[in-house]
Amino acid sequence: MRCQAITTLDRTLADAFRAARWAKSGGVVICPRCFDGRDVVPYPSAQRRHLKDTLRWYRCRCCLWCFADRYGTVLHGSGASLRAWAQAALLPPKAEIRTWSPGEPYAWLKELRTRLEGTELLPAWQVELTRRGWTFEKLRHASAMEIRCSRSTTSATKT
Ligand SMILES: [Zn+2]
């Protein structure tokens, strides 16, 4: 059961994403609807069950809009996990992936990467992930280990 909980990996990835997501406003969370950052407060996380990747929810007290870290980025509404997106952000050209084995969803990660290309988020996110010591191979390995772990302890599928 321990493995199913939010892990250190998820927390680290969420920290890196948040830092990149709000880099443009100097780390201040800005309401995507009224573009005001003065009265944005954390939204009670207990009311949001799908906080498994530790990204945060906020509430703007100016316009009463509730939004999460993903909102306003290409990640919003994608259904892909933050781990998958982070791997896509660090994805090297196929030729450079040493341990890639057949059947792995390279095409899918490539598709996520294509959506990230050209956004302000991508370079900022790459910097934050690299600063925390992540490479594509390292992240892929860490994710694979945890997925294996959660599958062996419960029947639930980890996303
Ligand atoms: Zn607002």
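Axes here are lines fitted to C-alpha atoms, for helices over the stretch in contact, and angles run from 0 to 180 degrees between N-to-C directions. Keep that in mind for the helices. One caution before we start: this is a predicted model.

How do the axes of α1 and α2 cross? They come within 10 Å, at roughly 60 degrees. The crossing of α1 past α2 is left-handed. Who makes the contact? On the α1 side, L13, A14 and F17. On the α2 side, L82, R83 and A86.

Now the core. The largest nonpolar core has 20 residues. Which of them touch the most other members? F17, L82, W85, A86, A89, W125 and L129. Four helices each supply at least two residues of this core: α1 (8-21), α2 (82-89), α3 (106-116) and α4 (121-131). Look again at F17, L82 and A86. They are on that list of core residues, and they also sit in the α1–α2 contact.

Stay with A86 for a moment. Leave aside neighbours within four places in sequence. A86 is then in contact with L13, L129 and L139.

Next, L109. This residue is in helix α3. Buried or exposed? L109 has 21 C-beta neighbours inside 10 Å, and the cut-off is 20 or more, so L109 counts as buried. What does L109 touch, not counting residues up to four places away in sequence? A84, Q87, A88 and L91. One distance to check on your screens: L109 to L90. They are 19 residues apart along the chain, and their C-alpha atoms are separated by 9.9 Å.

Last, the sheet. It is open, with 3 strands in the order β1-β2-β3, and the pairing is antiparallel. Why is one side of β1 and of β3 left without a neighbour in the sheet? β1 (40-42) and β3 (66-68) stand at the edges, and each has a single partner strand. Neighbouring strands are turned by 35 degrees against each other on average, direction ignored.

Zoom in on β2, residues 57-60. It pairs with β3 in the antiparallel sense over 3 bridges. Where does W57 stand? Opposite A68 in β3.

That's the tour. Questions, please.

Key
Residues are numbered from 1 along each chain as its sequence is written. This is a predicted model: local features need pLDDT of at least 70, side-chain atom pairs count only at pLDDT 80 or more; totals for chains, interfaces and linings use all residues. Two strands pair if DSSP finds at least two bridges between them. A nonpolar core is a set of buried Ala, Val, Leu, Ile, Met, Phe, Trp, Tyr and Cys residues joined through C-beta atoms within 7 Å. A residue is buried if 20 or more other C-beta atoms lie within 10 Å of its own, exposed if 12 or fewer, and partly exposed in between; C-beta atoms are placed from the backbone. Two residues are in contact if their C-beta atoms, placed from the backbone, lie within 7 Å. A crossing is left-handed if the near helix is turned anticlockwise from the far one by less than a right angle, and right-handed if clockwise.
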